[in-house]
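Load the model in your viewer and keep the residue selection panel at hand. The stops below cover the pockets and then a sheet.

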Amino acid sequence: MTKITAAITAVGKYVPDYILTNHELATIVDTNDEWITSRTGIKERRILKEEGKGTSYMAIKAAESLLEKSKKNPLDIDLVIVATATPDMPVASTAAYVATKIGATNAFSYDLEAACSSFLYGMSTASSYIESGRYKNVLLIGGDKMSSIIDYTDRATCIIFGDGAGAVLFEPNHEGLGLQDEYLRSDGTGREFLKIDAGGSILPTSEETIKNKQHTVHQEGRTVFKFAVSNMADVAEKMLTRNNLVKEDVDWLAPHQANNRIIEATANRVGLESEKVMVNIHKYGNTTSGTLPLLLADYESQLKKGDNIIFAAFGGGFTWGAIYLKWAYNG
Ligand code: UT7
């Protein structure tokens, strides 16, 4: 019997219509297009403006676009995982709502949170269910409404983040395609450098926490940058060496879109020329759990069956890692 591998068989995406440009941001905080572009590579990001709409709205749209393209029957889906750092609510599962809304009523579902590494970790989780033979159709959605946790008077963070979601379907494969290897890491000493102080169990919401603006993302950018550069590059390199891959064997690098300089440093370490590096940070900024599936959706038409893709991500916690996956169909 051949080993079951977990392959991505369909992708979908959704980004809100509203485009927040660098020029508009320069009217809100003391910044400018030149600074943002040269330091991050970001030109614009999408914002979910409508009141009453949360991450589930984008996750549902991304899943529906996948279902429509793939003609997959939602009743055949066994499991829905929503990778997100911005669930609709602190307690009720966002994934349960999404699964019901898309008609995946035979599925169980849950949220998975690992900051900017949520989707990468979710790829590992989804694949493990498939490889074990326990389930056959796992829908993994990654998305965040970062605008709901950003302080738009803080120029150090508001220029970076945006809203969006992407979805992928994992199914069993008997040709050896799909997830080949993973190396996932975490280091809890990093949580001081990228976090939201209040609203959790350590510091519940109070008048004081609201007054002190402790419900939005605080990031020590320079420190996070240093860790992100060295760790993302290390794990990407490790994926190549321990799978006996040389740079010519790699068709694509799919890096978390946090900063173009981090993306370039990772690509340089593994010796990849820019044509092989998936990039859409200029359009969407950092959508946290949405970056990797949004890349796949944007590059789907260029991907070929058998392509070797190296994914790498780094995020709050700290959490980080890399995955080596063989693409399973022609785009
Ligand atoms: O995805 C999760 C993980 N997150 C990341 O990977 C993000 C990692 N960090 C970064 O991408 C970068 O650190 C930032 C983009 C956040 C900041 O870029 P930087 O090159 O590290 O800038 P910096 O924080 O060292 O600040 C340099 C200067 C400072 O001024 P002084 O002290 O040199 O006078 C800042 O006050 O740039 C100033 N500055 C700005 N200037 C114009 C900071 N933000 C802005 C801004 N516009 N938006």
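**Stop 1: the largest pocket**

Select domain 1 (5–176) and domain 2 (179–326) in two colours: each gives at least three residues to the lining of the largest pocket. The domain bounds come from an automatic or database domain assignment. This is a predicted model, in which local features need pLDDT of at least 70, side-chain atom pairs count only at pLDDT 80 or more, and totals for chains, interfaces and linings use all residues. Residues are numbered from 1 along each chain as its sequence is written, and side-chain values use heavy atoms, with hydrogens and water left out.

A pocket here is an open set of points on a 1 Å grid over the protein atoms alone, where a 1.4 Å probe fits, with protein on both sides within 12 Å along at least five of seven lines; lining residues have an atom within 4 Å of a point. Next select Ala85, Glu113, Lys195, Ile196 and Ala198, which lie nearest the centre of the largest pocket among its 40 lining residues. Strand E5 (108–112) and strand E9 (194–195) are the elements that give two or more residues to this lining; helices (H or I, at least four residues) and strands (E, at least two) are DSSP runs, numbered from the N terminus. The space in the largest pocket is about 1,300 Å³, a volume being the space filled by probe spheres set on the points, which are joined across faces, edges and corners.

**Stop 2: the second largest pocket**

Select Trp35, Ala156, Ile160, Gln219 and Gly221, the residues nearest the centre of the second largest pocket, which has 27 lining residues. Its space is about 680 Å³. Both domain 1 and domain 2 give residues to this lining, so the second largest pocket lies between them. Now show helix H8 (221–242), one of the elements supplying at least two residues; H8 gives the most, with 5 residues.

**Stop 3: the sheet**

Show E8, E13, E12 and E11, which form an open sheet in that order with mixed pairing; two strands pair if DSSP finds at least two bridges between them. Strands E8 (178–186) and E11 (252–255) are the edges, each pairing on one side only. E11 and E12 (308–315) run parallel over 4 bridges; pick Pro255 to find its bridge partner in E12, Ala312. Finish on helix H11 (291–299), which packs on the sheet and touches E11 and E12 (contact: heavy atoms within 4.5 Å). The direction of H11 makes about 140 degrees with that of E11, where axes are lines fitted to C-alpha atoms, for helices over the stretch in contact, and angles run from 0 to 180 degrees between N-to-C directions.
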